[in-house]
Structures are given as C-alpha cells and as structure tokens.
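The sequence and the structure are shown first.

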Amino acid sequence: MPQPADQVELRIPSQLRYLAVVDAVVQAFAADFGWEADDINNLGTAAIEAASNAMEHGNRFAENTNVWLRMRGDAGGVEVEIEDQGPGFDHRPYERELTADDLLKLRGRGIFIMRSFMDEVSFAPGQGHGTCVRLVKHGHIKAEQSGGTSTGA
Amino acid sequence: MTIQQRDIGDVVVVDVHGKIMGGPDSDGLKQALRDLMERGAHKVLVNLGDVTWINSSGLGILIEGFSELRRQGGSLKLVHVPPRIESLLTVTKLSTIFESYRQEDEAVRSFA
C-alpha cells in the first residue's frame with residue numbers, strides 16, 4: 001500500500017523493553033515541531049499504552065511477532081498509528097469512564113489513559129489481520145518559539 | 001529497572017530507577033514489595049525520582065503494593081514523583097489514593 005512520503009514507519013518486536021524505543025521515537029518526532037513538553041510527554045505516554053496493548057493483547061507476546069509504528073504530521077498535529085499482528089482486539093469493554101470501583105483495579109486503564117491524553121483515539125482493522133490504533137494529538141508550540149503566545153491547533 | 005532499599009527509622013525507602021512497565025522487567029519491584037510485607041514492613045516510601053515513565057501495567061504494581069500494605073494495616077506513599085508520572089496519577093484519579101511528597105524528609109515524617 002502506498003504511504004505518504006513524509007511518513008515514518010518502524011517495526012518493533014513484541015517485547016516490553018522496546019516500549020522505550022516507541023516513547024523515544026514518538027517524542028523526538030513531535031519535539032521536532034517545537035511543541036510544549038507536556039504535549040510531547042502526553043503523546044509518548046499514549047503511544048506507550050497503545051504499544052503495550054498491541055504487544056500484550058494483540059500479539060500476546062508471541063515470538064517473532066511485531067508491532068508497526070507509523071507517524072506523520074506537522075506542527076499543528078501528529079498522527080500515530082500502532083498496529084499489531086494478532087487476531088483482533090475488542091476495545092469496546094474498555095471504552096468507558098473509570099468509576100470509583102475501578103480505582104484500585106490492577107488493570108484496564110490503558111484505553112482510558114490514551115483518550116485522556118489524546119485529541120482522537122480510534123480503532124480499526126490493520127493492514128494485516130491485527131488491530132490498528134490511531135492516536136491524534138494537536139500540540140501547542142512553545143511560547144518562546146511562537147513570539148510569546150501559545151498557539152494551539 | 002533497578003531497585004535499591006534504604007531504612008530511615010522504621011520507614012523503608014524503595015528507590016526505583018528506570019521504567020516501570022509490567023512484565024518481567026518489573027517483576028523485581030513486585031517481588032521487592034512482597035518481600036517487604038513478608039518481613040513485616042508497614043511503612044513503605046517509593047521514590048520515583050529516577051523513574052522516566054510508567055505505563056498502566058506499572059501502575060498496577062504500585063496499586064497492588066498499596067492495597068496489600070493497607071490490608072495489613074500499613075501504608076505505601078510516593079516521593080519525588082516526576083511531572084510526567086504526576087499527570088498520569090491525576091488523570092487516573094490515583095492521586096486521590098496515593099499520598100505523594102516533594103521532599104523525602106517530609107514524606108518520612110508523614111508516617112509518624
């Protein structure tokens with residue numbers, strides 16, 4: 001499938017230690033646009049959650065499986081796609097606000113965290129058989145780079 | 001991730017370095033908290049000052065330690081929480097259950 005010329009794409013093995021690579025690459029991609037630190041951190045945090053889900057719930061940590069990370073965007077917004085090779089992941093049970101009963105649960109916060117930090121989160125079938133999570137963040141340019149005013153997209 | 005422990009009076013300070021992300025890499029923290037409880041520690045202060053990030057599975061490890069210590073009549077508190085992790089605790093409302101402190105001496109005194 002043709003890809004936009006300015007798209008960055010990486011193949012990441014399904015091992016949690018590579019989440020640091022996801023974080024570093026996504027943050028570097030957004031930092032290049034001069035975003036505020038909070039926006040960059042939040043994008044990285046959401047990408048870590050998406051990649052964690054892809055490795056664990058999508059690929060079930062199966063050997064020789066990978067997660068694909070695709071990034072594109074500009075100073076106004078960055079789109080990150082994270083796709084697994086699994087049999088498909090039903091995100092719907094996790095699409096809800098956390099309640100007081102959820103507070104001390106050990107799991108089940110990943111999608112809530114993604115939605116809290118991103119402007120858009122969507123799930124779709126991937127280019128292969130897996131699930132593709134699409135994250136969109138509209139960043140704010142650091143004040144010193146935008147002439148003293150913060151300009152959100 | 002690496003872990004070191006220090007005793008300040010009857011408070012055990014657990015210094016965590018690196019990333020807390022669940023899975024085998026974070027088993028050390030899970031086991032360290034369990035070991036502390038087995039040996040009867042009731043006042044545990046987790047120092048997150050050198051933690052670069054934590055994911056939702058990592059939060060689960062802290063919650064497990066918090067819940068188990070509370071069940072045994074103890075408490076688990078946090079110190080030196082970096083802004084990035086503080087944001088995560090805020091959006092998940094875990095900031096309402098974890099007591100966190102900016103200074104270690106203040107955190108240690110809070111157990112008294």
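Of the 153 residues in chain A, 39% are buried; a residue is buried if 20 or more other C-beta atoms, placed from the backbone, lie within 10 Å of its own, exposed if 12 or fewer, and partly exposed in between. The model is predicted: local features need pLDDT of at least 70 and side-chain atom pairs count only at pLDDT 80 or more, whereas totals for chains, interfaces and linings use all residues. Residues are numbered from 1 along each chain as its sequence is written, with chains lettered from A and ligands numbered from 1 in the order in which they are written.

Chain A holds three helices and five strands, in the order β-α-α-β-β-α-β-β from the N terminus. Helices (H or I, at least four residues) and strands (E, at least two) are DSSP runs, numbered from the N terminus. Among contacts in chain A between residues at least 6 apart in sequence, 64% join residues at least 24 apart; two residues are in contact if their C-beta atoms, placed from the backbone, lie within 7 Å.

The largest nonpolar core has 66 residues, and Ala47(A) and Ala51(A) have the most contacts inside it. Such a core is a set of buried Ala, Val, Leu, Ile, Met, Phe, Trp, Tyr and Cys residues joined through C-beta atoms within 7 Å. Its largest share, nine residues, comes from H2(A). Beyond its neighbours within four places in sequence, Ala51(A) touches Ile12(A), Leu19(A), Val22(A), Val67(A) and Ile82(A).

The contact between the chains takes 19 residues from chain A and 20 residues from chain B. The helices listed below each supply at least two residues of the side of chain A that touches chain B.

| Helix of chain A | Residues |
|---|---|
| H1 | 19–31 |
| H2 | 37–58 |
| H3 | 110–117 |

H2(A) gives the largest share of that side, five residues.

In chain B, an open sheet of five strands has the order E1-E2-E3-E4-E5, with mixed pairing; two strands pair if DSSP finds at least two bridges between them. Strand E1 (2–8) and strand E5 (100–101) of chain B stand at the edges with a single partner strand each, so one side of each is left without a neighbour in the sheet. Strands E3 (residues 43–54) and E4 (residues 75–79) of chain B run parallel and are joined by five bridges. Leu45(B) stands opposite Lys77(B) in E4(B).
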